[in-house]
Amino acid sequence: MRQKRFPPGWDEERVTEVLRHYEEQTEDEAVAEDEAAFEDRTQTVMEVPTVLVPAIRELLAKHQIESSGDR
């Protein structure tokens, strides 16, 4: 049997909770959540070439690790 692997800070319970949230969400709730994300001035949404996604994920992970030391 294949062993489950999760990102740092994640476990099976957290994955289950996230899945439950989105599976039980109504269409109106999903739209409201998406709209709220675009209104958040601390985040940016942009299109990038798919080929760059791995490098961007790596940068985001590095930033998260570096900024977690500030707490």
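In the predicted model, the largest pocket is lined by 12 residues. Of these, Pro7, Pro8, Trp10, Ala61 and Gln64 lie nearest the centre of the pocket. The volume of this pocket comes to about 380 Å³. Helix α3, which spans residues 53-68, contributes the most to the lining, supplying 7 residues. Divided by class, the lining of the largest pocket comprises 6 nonpolar residues, 3 polar residues and 3 charged residues.

The second largest pocket holds about 160 Å³ of space. Its lining is formed by Gln43, Leu60, His63 and Gln64. By class, 1 of these lining residues is nonpolar and 3 are polar, with no charged residue present.

Met46 is located in the loop between α2 (27-39) and α3. This residue is classed as exposed because its relative accessibility is 61%, the cut-off for that class being over 50%.

Two residues of helix α2 were also examined. Phe38 is placed in this helix, and its relative accessibility of 58% is the reason that Phe38 counts as exposed. Between Phe38 and Ala55 there are 17 residues of separation in sequence, and their C-alpha atoms are 23 Å apart in space. Glu39 is likewise placed in helix α2. With a relative accessibility of 59%, Glu39 therefore counts as exposed. Glu39 and Arg57 are 18 residues apart along the chain, with a distance of 22 Å between their C-alpha atoms.

Note on methods: Residues numbered from 1 in each chain as written. Predicted model: local features only at pLDDT ≥ 70, side-chain atom pairs only at ≥ 80, totals over all residues. Heavy atoms only, no water. 1 Å grid on protein atoms, 1.4 Å probe; cavity = no way out; pocket = protein on both sides within 12 Å on 5 of 7 lines; lining within 4 Å. Points joined across faces, edges and corners; volume = space filled by probe spheres on them. Helix = DSSP H or I, 4+ residues; strand = E, 2+ residues; numbered from the N terminus. Nonpolar A, V, L, I, M, F, W, Y, C, P; charged D, E, K, R; others polar. Buried < 20%, exposed > 50% of the residue type's maximum accessible area, 1.4 Å probe, protein only.
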